[in-house]
Number of protein chains: 2
Amino acid sequence: MVALEVIKEIAISSPSKIVMLVIDGLGGLPEPKLGKTELEIASTPHLDRLAQEGVCGLTTPVSPGITSGSGPGHLALFGYDPLKFTIGRGVLEALGVDFELKDTDIAARGNFCTVDDEGIITDRRAGRISTETCRQLSELLGLIKLENIQLFVLPVKEHRFLLVLRGNELSSEVSDTDPQRTGVAPNMAMAINPEAKYTAHLVNQFVDAAIEILTRHYPANMILLRGFSKLPHFPSMTEIFKLKPAAIVDYPMYRGLAKLIGMEVLVTGSSIKEKLATLTEHFTKYDFFYIHIKKTDSAGEDGNFKEKVRLIEEIDAFLPILINLKPDVIVVTGDHSTPAVLKGHSWHPVPILIHSQWCRSDEVKEFSERSCVLGGLGRLLAVEVMPVAMANALKLTKFGA
Amino acid sequence: MVALEVIKEIAISSPSKIVMLVIDGLGGLPEPKLGKTELEIASTPHLDRLAQEGVCGLTTPVSPGITSGSGPGHLALFGYDPLKFTIGRGVLEALGVDFELKDTDIAARGNFCTVDDEGIITDRRAGRISTETCRQLSELLGLIKLENIQLFVLPVKEHRFLLVLRGNELSSEVSDTDPQRTGVAPNMAMAINPEAKYTAHLVNQFVDAAIEILTRHYPANMILLRGFSKLPHFPSMTEIFKLKPAAIVDYPMYRGLAKLIGMEVLVTGSSIKEKLATLTEHFTKYDFFYIHIKKTDSAGEDGNFKEKVRLIEEIDAFLPILINLKPDVIVVTGDHSTPAVLKGHSWHPVPILIHSQWCRSDEVKEFSERSCVLGGLGRLLAVEVMPVAMANALKLTKFGA
């Protein structure tokens, strides 16, 4: 993998256009009775045509065997080494609820949990309280006052919430109060370095106040905090790749991620049809488009093989809209695999196709996990995809003389 | 490749079991008349079945083109980057003769050699004296007395011996006395840093005493020492992978290596039959088993193509014992290639198969060098094998959210 500094030196701006279609959780596993994966079962004439004309392969999101979260999986596809460019849990949660973090804010991921009379954690998720209960309790915690601090408590889903502290001289170098197991008491927040003492003190004050409020709200009678973090500063895609990038994405976490690396986030709907309409509308204004389809991952997470197949077929049916815009480079892949049979993200490499006039086509005739094994791209780290896409758009000059 | 620190954070303990069968020197080259490799000629119905049901590929022990020793080859397979986790030559020699090194011991690899009347080296191996001569001479050198030092001289094989110094404040930062060529005199041992002055002085005292003893033992009238080293401290497999690992291995060097990374070394025999009996006996007690078969490598080193074929067939014949235990993950590979036609280790990538319920099978129908080229694992660094095996055992949680 080549360092971003190198890419930065050889990248040039040009009128050519790249469209990267990220089908979340694209990779799958064979359904035992059918013997084929979601992508293998799905009828995908347009993806197959792109695969046949283009060059295929399999991407490894982080490293072989490693199951990637959506954050690292996407950062890698955008060219950022996910082992180097990490985002704190609190910040990710903030991106996920579309909270506009300021540079000096401290964000933490919170759990409502259950403790017994001795203060020992008996359930780290408070029996997965409803999102509505979470909303009500978050509102109560949001009323807690800390001197010189503005605080925000936002409900996420079920037992999860986001805590943001806004003020002066706050540090994210604070240890988790969440011990990540039951049978023990929550930890006190500790300063990891001396500058964080003030913040740790505020966090503990917040927890004390929360205990008083929550004592009447069993099973959600306590909170656990982890992943204290500040908004990281990543170089923008414009800085590195000399691109004018746009994101066509509806889910908050991905919108936040796209903003973090300097993409313009366009207003769009959740369906592929709406997203391709947005692409058509803005096609002349940008030279890199990231289109994100979330529902394939959700179907995989739900173990709904049929629905994932249906969604892939739906995407395929609308692809001519994208193809007819004639972008110079089309990339289709996923940020990780989410096989319906595993009901979750997995470590399996993800099919990828790159279509361009200059891609050096291979023998792959259809877009599937098994056929991509024999593709001309071979096995590619996801972080290597952007340079290959840029090269196919003739946006990278020579390295060395 | 992902850092061990990352693996450590995402690894979880679970009841699932991994068996890694390492067929030493597995990879081969075609015998010119037959046009096929050892593994391709061998009749291996059980390996072929595992390959067909599993996912195949080729591992690169260290880096393309690099011929790996057994130490680095094995460390890589256990997940330890062999370019980072290095073991000094002296320590390797100690592991090889089953010498129990203490943390403060200094070990060095020794050669009996021949010098002429001017003290110039004429043969670095003293005409490869017999192992019996080596034993007698080692015994003599073992009688040398150094103040406050306990010393051990152990015969290894032919001209090779092991020197261990035991005492206080010894340092391994001592330069080799072996210039690794003839036509020059042996070097004095030098302290690489000031703390090693005492040790370097002791080494030179030892060499002087040895010269006096060996003057009557031409051609073994001098010694050369290299690879002064202390037992390294590697994080254990339990620490990193949360495994309870057992090694079923009879050769001393591999036993020592296994101990070095915290494996329990089980008593076993040298045949595959005896090793699989040991596996069966202990199967419930551990969740990771490393089984080592040495003789395939020895046959390769001897240039005995037929014997290597026979040994592979013998392993295959006993495989049902392993398969019937139904481990969640079976890994079969080698630590490096040892083609009989090259009579030694080689740089060629090594066939690997990983068999599990979740492996995403490929089109490979038989276990061989050529068919593995088209496998779903593609080309894998050996150090990446453990994470993939762990993933297939569902022992790795997600990286990032």
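The model is predicted, so local features are given only at pLDDT of at least 70 and side-chain atom pairs only at pLDDT 80 or more, while totals for chains, interfaces and linings use all residues. Residues are numbered from 1 along each chain as its sequence is written, and chains are lettered from A and ligands numbered from 1 in the order in which they are written. Helices (H or I, at least four residues) and strands (E, at least two) are DSSP runs numbered from the N terminus, and two strands pair if DSSP finds at least two bridges between them.

**The eight-stranded sheets**

- In chain B, eight strands make an open sheet of mixed pairing, in the order S9-S8-S10-S1-S11-S12-S2-S13.
- The edges of this sheet in chain B are strand S9 (264–266) and strand S13 (378–381), each of which pairs on one side only, and neighbouring strands are turned by 25° against each other on average, direction ignored.
- Within the sheet of chain B, strand S1 (residues 18–23) and strand S10 (residues 288–293) pair in the parallel sense over six bridges, and Tyr290(B) in S10(B) is the bridge partner of Met20(B).
- Chain A has an open sheet of eight strands with mixed pairing, in the order S9-S8-S10-S1-S11-S12-S2-S13.
- Strand S9 (264–266) and S13 of chain A stand at the edges with a single partner strand each, so one side of each is left without a neighbour in the sheet.
- Strand S2 (residues 55–60) and strand S12 (residues 350–356) of chain A run antiparallel and are joined by five bridges, with Gly57(A) standing opposite Ile352(A) in S12(A).

**Strand S6 of chain B and its partners**

- Strand S6 (residues 160–166) of chain B has six of its seven residues buried, so it is largely enclosed by the rest of the structure; a residue is buried if 20 or more other C-beta atoms, placed from the backbone, lie within 10 Å of its own, exposed if 12 or fewer, and partly exposed in between.
- One partner of S6(B) is strand S3 (residues 106–115) of chain B, which pairs with S6(B) in the antiparallel sense over six bridges and places Asn111(B) opposite Arg160(B).
- Strand S5 (residues 150–155) of chain B also pairs with S6(B) in the antiparallel sense over six bridges, and Val153(B) stands opposite Leu163(B).
- S5(B) and S6(B) form a hairpin with four residues between them, and Glu158(B) in the turn has a positive phi of about 50°.

**Helix packing and the chain contact**

- The axes of helix H5 (residues 89–96) and helix H9 (residues 252–260) of chain B come within 6 Å and cross at roughly 115°.
- Leu92(B), Leu95(B) and Gly96(B) in H5(B) meet Pro252(B), Met253(B), Gly256(B) and Leu257(B) in H9(B).
- Between the chains, the contact takes 25 residues from chain A and 22 residues from chain B, and helix H4 (70–77) and helix H5 (89–96) of chain A are among the elements that each supply at least two residues of the chain A side.

Technical notes. Axes are lines fitted to C-alpha atoms, for helices over the stretch in contact, and angles run from 0 to 180 degrees between N-to-C directions. Two residues are in contact if their C-beta atoms, placed from the backbone, lie within 7 Å.
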